[in-house]
Amino acid sequence: MNFELSEEETMLAGLADRFVADRYDIERRRAYLAEAQGFSKENWDLLAECGLMAAPLAQADGGMELEPGAIVALFAALGRGLVVEPLAESVLVGARLLLAGAADSLADAWREGLASGAQRVALAHAEPGQRGNRAWVETRSQAGAEGVRLTGVKHCVPAGQGADAFLVSARANDGGTGADGIAFYLVSADAPGLTITPWRLIDGSVAVHLTLDNVVVPASHRLAGGLDLLDQIMPLADLARAAEAVGVMQRIFDETLEYLRTRSQFNTPLGRFQAIQHRMVAHYCALEQSRALLNLALVGGAERDFAQAVAGARAFISDVSLSLGHDMIQFHGGMGVTDELAIGHGHKRLVLLSRWPEEPLAKLDRYAGLAA
Amino acid sequence: MNFELSEEETMLAGLADRFVADRYDIERRRAYLAEAQGFSKENWDLLAECGLMAAPLAQADGGMELEPGAIVALFAALGRGLVVEPLAESVLVGARLLLAGAADSLADAWREGLASGAQRVALAHAEPGQRGNRAWVETRSQAGAEGVRLTGVKHCVPAGQGADAFLVSARANDGGTGADGIAFYLVSADAPGLTITPWRLIDGSVAVHLTLDNVVVPASHRLAGGLDLLDQIMPLADLARAAEAVGVMQRIFDETLEYLRTRSQFNTPLGRFQAIQHRMVAHYCALEQSRALLNLALVGGAERDFAQAVAGARAFISDVSLSLGHDMIQFHGGMGVTDELAIGHGHKRLVLLSRWPEEPLAKLDRYAGLAA
Amino acid sequence: MDLDLSPQDLAFRDEVRAFLAENLTAEIRDGAAATPSVFVEPEIGQAWNAVLHRKGWLAYQWPREYGGTGWSPVQRYIFEKECAEAGAPNLTVLGLKLVAPVIYAFGTPEQKAHYLPRILSGEDYWCQGFSEPASGSDLASLQCRAVRVSDERGERYVVNGSKIWTTHAHWANRMFCLARTDASAHKNAGISFLLVDMNQPGISVRPILTLAGDHEVNQVFLEDVEVPVSDRVGAEGDGWKLAKFLLENERGGSCHAPKLAYDLRRIEADATAQPDGHGGTMAGNAEWRRRVARIRLGVESLEMIELKILSEIAHGQKPGPQTSLVKLLASNLRQDIDLLAMDLLGVAGLELERQRPLYGAQAPQAVHGLPSQVAAARYLNSRAWTIFGGTNEVQAGIIAKTVLHL
Amino acid sequence: MDLDLSPQDLAFRDEVRAFLAENLTAEIRDGAAATPSVFVEPEIGQAWNAVLHRKGWLAYQWPREYGGTGWSPVQRYIFEKECAEAGAPNLTVLGLKLVAPVIYAFGTPEQKAHYLPRILSGEDYWCQGFSEPASGSDLASLQCRAVRVSDERGERYVVNGSKIWTTHAHWANRMFCLARTDASAHKNAGISFLLVDMNQPGISVRPILTLAGDHEVNQVFLEDVEVPVSDRVGAEGDGWKLAKFLLENERGGSCHAPKLAYDLRRIEADATAQPDGHGGTMAGNAEWRRRVARIRLGVESLEMIELKILSEIAHGQKPGPQTSLVKLLASNLRQDIDLLAMDLLGVAGLELERQRPLYGAQAPQAVHGLPSQVAAARYLNSRAWTIFGGTNEVQAGIIAKTVLHL
């Protein structure tokens, strides 16, 4: 039993830290978000160059097939840096889903582009009626001679702006609400009948809203498998989101500590006020617990359920991160509610991470065995 | 709109305060609880003499038919005094239920004894399988020539020890779980087939466990009406319980304030520690809100639902009173967890009030329209 | 206790209701609904002010002699409650409720005659210059200096310094402000209450965007700004006293609960159209209803607390530290409700549209509908509730000291 | 990171498991399950001690030279976890974990030779005399005085004062205690660490019943109590240093989570037999399962935190202020779990049986079953968790100071 970071974990975190040190400050971050796709194209290429983009992919796909521990180390570092490039959504979700489900010929066509960062695919699964229930899909697929015809609405596709293609879930059967009959289809961003409308998420990133009006895709663009593909892909992506959230929490907690130590009010440093101290301690406890739950997900052994452990960590972190963010804002007083500090930007990212792809309660229900 | 106590309300609270001043201190209270029925027979008679016992009953029954506002004033005062005599259970529940449902001849036989305090009846409705669902009754009634035969278990009858009779709910139909088929029967404490086992509740009071093994009661002992009798009786009793809880909260809050002002640690009065101050303020807010919800239940008007307002007050008070009790104990340090202070005794009463006759969540569900 | 409204009060309520049905235009109401910031912008707020002014109800909190209505505290509450339930915008308090009472209580006859009518007519739009970058919750540490000079152009103060969190300074033509007129005096002493013309060269206004991107507050820089001595309210050095009066006035006799209740009811109504992921709606989701129920109990309790304070004011008592309790509860509930509204919308609630305004012809196209355009911004902006007007921590300190005597 | 157990550790776990299956008697296990107080009474606790002593595992935390096992920190955790999961009683810490380390770290050869074996054999049963009525969390303010006298009967201290919250003083024949040997010294100075024979005339023990009616703690009065100078540990005036050592030792390398997890799993098992009022059981109630899930996440996180600290100790680090974090979390979780257990039982959970013991032949007849006899008492007694061994507030202060540097 060894809690120290492995060489690989240290290296990944170091790479991410260096990337942040070189490329990030609050003003540059603002500029990255302002780009059309909601992040920096230049940073994206840098991340690809230094290998961080491909790293989570399978070795056969040109990646390093990172272990969960390495994912945690990497994404916690990206979180601390408030990095806006959508590695989790584009690589851990999009690329991995495509490569896991695509037939060989299709996978071959994408493998290199995804590993090099030259191409991006985005998962289009969320729908207005879905809420926490992944199996609620109203988008319809109809197989015909010319291919498969897709019609429906996918209202929230993060990292969707500028994506080369979307992985759209659709249902073949009528009226069913179960997992049966659902499949994922690769839809090119320029497919006729596809309308892409960008919108801004709370953290400033860009999602898109898709309307599919009889979009036709070749049958070969159907991924093998159905919703189970999500079960296969999502736990690691969720672990990355959880780790990123812990990184963000750590960042804004540390900045608040520093502020409390230096800022005086009524002639006393804010950090000397006992009521504030005790609340900071409560958040410190929550942060340590969050980290512990990330660690717990890394414990191996056959009897462990990785997906459940991750769901538990996500549920816990979603709740405590929101409260932590609220207090870090509060302790900064007026400045905390402005757009000027990392505190607010970090908090907005925490709001998103806590509520995407589902609300905290849905995560808890998954952990508690109340939801699939 | 006038928030000042009416003359009657002032008078009732004054009577109760005087009773407490004359009869109560922590040691005498301990002795009252130690009596077989869990309260003082002498106090019971005094309460009857000064009219407090009969006051909640209808004027036709020898009472003053107290308005909800008067009930609040009276029970808040009893709560402040940590009075153990079971006015709510015996009078607001037991006596009122009997007099509301009994046929004239039966009512005539009990009216005077109940109003004078000479006789007590106790509601025997709770069953092990019931939890928050009042309609879950497994005790069976079978009408026959000799009367009605009752068989079943009533595991928690507060103020049941020494009661002259029990109001036992039983179900006539098979397997039904709805409200239909349930009726209340007056069962004499010395009825053959009835086994009475006393046990102590968390606040030190005595409840009894009843086993009914083919207990036969005359058909005339069946009260008119079914579960709706509870809907008729319970809101006022619940208001009394809520008011009592607020009284208890006030008592232990005030004693804690006094302690915090006078007790020093690390050369500083405890009350100067800001973390403690802020928690006391949070409890003060909760206490004020609790009082406000009692007041809200007193607002008249056709569009108001008294039962719902009471359920809401009960739900809120059940939650905040437990937290308040926990902190009042905590702030007293080691002494708080002993049997020696009013703090602990008050808290134990709050635990009971918050969880009887049902858990706090059941109260909230009632308020939220999620339960009948 | 008798907590029912009297027949007269009920009749008054009906009168207000009828007036609102007639005069609160869809434009104003929709503008308020599409405003995620705490205050509505003048475009909406001043339009509503004008409607009330025409009716003679604008200055309902002022003494009758200055244009007040003579309503009882309960009537004032009824009026505010009906306005909230009709979806009217909050009145812009800066002129009406903050500086006006200071002027009519402490001003000279000339100040009263000049300023009060201009607040009612909307000619003057006020902002407040109390907080400073270095002072936070600790007003007494303020550093803005006013030096008195007297020359051929008359007696005046020359003010230098900077104010922050100045709501609507970018719209205002006047600012009431605290400045240190006696640098040698200690802390609270030596501060004066000045009325500043914002339309002069020494004033510059830097926007401070909120977390949600709203431009509501500013930093105001004063560089050799001139204030005629006749625009000082009260005596020199009285500023602290007047500010305390103003803040207590601000905290007294509030009407938060009806607006919170109105917002909560709208969320509940929206829940009936919000899918729960299983073919039903969120209105039928037990956990959701419990969460709503808990918040509703908070709002209902707050309303009774506000009414009780009003009733005490009506009986001649001064609003005491109970107003800190109200501020605390109302701020927490506001935040709970705005989070609830965002959460109701699920993933679509995570939208943060930054373009403004969200009403009228220039409003951006809605991807998910207006509620999504407003919800996240409102959630973020409402984090300020526990900070402005005395943080929750300051309120708790006041209660601990003055109510609990700790 | 590599968070899996090594093959050796797994083999050790199996060895412990086998031993427990063989040697933890039903009597001992049932006695622990029927004990609502924090410590089990000697009848149960000493019986279990004897079992472990026979195996040579009792002093597993001591250095090998005094009878320790030489286990690694991870092995110690595995042992404690397996004990918890088998339902073994907590070991009585007073002799084994509190005074023994002080004696073997600071005692004379004679003290070691005399006292350590008697702890293992059970001949000596210890209690701790630190807290005093006037001192609370502020140990440095203690007033118990020890005056050194020397006469024909030898050199000794004469001790006068009173100790409070003395766990099991009514069972103990020895007390380790802090007393002021130099009245002129300031606060922490002038305090010595004395070993007191409880079987002497000047000692009297007043029971202090807990909220639940359990007799676990006492007030101890010392009136001209005699302590030979040879029963002082460390130098005169070293008491504060030794007490700090003891308390830090108490807080280091804990194993709370497994016991909490065990209790939580038992509650979950009980839920499958607990009706929900609608014909199902509580195990199927969504709200209930969410509440359990939240607590379980707390317990699981605590276990990883404890393991991490152990791993640091194994790497040679000293247990730092992280132990305050563990104490805080464990205390809160203990209270959450004991409330959960009471709430599961519904109305029957409100029973408070005051007769003791609840095991064995003298146990009172159960009206609702053993869980109801234990649950409320345990809930009440566990309120003490956030108070003893340094209140939550004291722990928070330590973390704020030493970890957060506020």
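Which side chains meet in a salt bridge at 2.6 Å, N to O? They are those of B:Arg355 and D:Asp343. A salt bridge here is a side-chain nitrogen of Lys or Arg within 4 Å of a carboxyl oxygen of Asp or Glu.

## The model

This is a predicted model, in which local features need pLDDT of at least 70, side-chain atom pairs count only at pLDDT 80 or more, and totals for chains, interfaces and linings use all residues. Residues are numbered from 1 along each chain as its sequence is written, chains are lettered from A and ligands numbered from 1 in the order in which they are written, and side-chain values use heavy atoms, with hydrogens and water left out.

The model scores ipTM 0.96 and pTM 0.96. Chain C averages a pLDDT of 93 (the predictor's confidence in each residue, from 0 to 100). In chain C, 98% of the residues score at least 70. Among its elements, strand E8 (residues 232-233) of chain C has the highest mean pLDDT, 98. Helix H7 (residues 239-251) of chain C has the lowest, 82. Helices (H or I, at least four residues) and strands (E, at least two) are DSSP runs, numbered from the N terminus.

## Chain D against chain B

Chain D brings 46 residues into contact with 42 residues of chain B. Contact means heavy atoms within 4.5 Å. The two chains bury about 3,500 Å² between them. Carbon and sulfur atoms carry 61% of that area. Buried area is the accessible area (1.4 Å probe) that two parts lose on being put together, summed over both. D:Leu211, D:Val347 and D:Leu350 supply 20% of what chain D buries against chain B, more than any other three residues.

The rule finds 4 salt bridges across this interface. It also finds 20 residue pairs in polar contact, both at pLDDT 80 or more. A polar contact is a pair of N or O atoms within 3.5 Å; within protein, one must be able to donate a hydrogen and the other to accept it, and residues adjacent in sequence count only if both atoms are side-chain atoms. Strand E6 (203-209), helix H10 (322-344), helix H11 (370-381) and helix H12 (392-402) of chain D each supply at least two residues of the side that touches chain B. That side divides into 23 nonpolar, 13 polar and 10 charged residues. Ala, Val, Leu, Ile, Met, Phe, Trp, Tyr, Cys and Pro count as nonpolar, Asp, Glu, Lys and Arg as charged, and the others, Gly among them, as polar.

## Domains of chain A

Chain A is divided into domain 1 (7-116), domain 2 (121-224) and domain 3 (228-371). Domain bounds come from an automatic or database domain assignment. The C-alpha centres of domains 1 and 2 of chain A lie 23 Å apart. Each of these two domains gives 19 residues to the contact.

Domains 1 and 2 of chain A bury about 1,500 Å², with 70% from carbon and sulfur atoms. A:Leu97, A:Leu106 and A:Trp110 supply 30% of the area on the domain 1 side, more than any other three residues. The rule finds 0 salt bridges here.

## Domains of chain C

Chain C has domain 1 (7-91), domain 2 (126-237) and domain 3 (255-403). The C-alpha centres of domains 1 and 2 of chain C lie 30 Å apart. Their contact takes 7 residues from domain 1 and 6 residues from domain 2.
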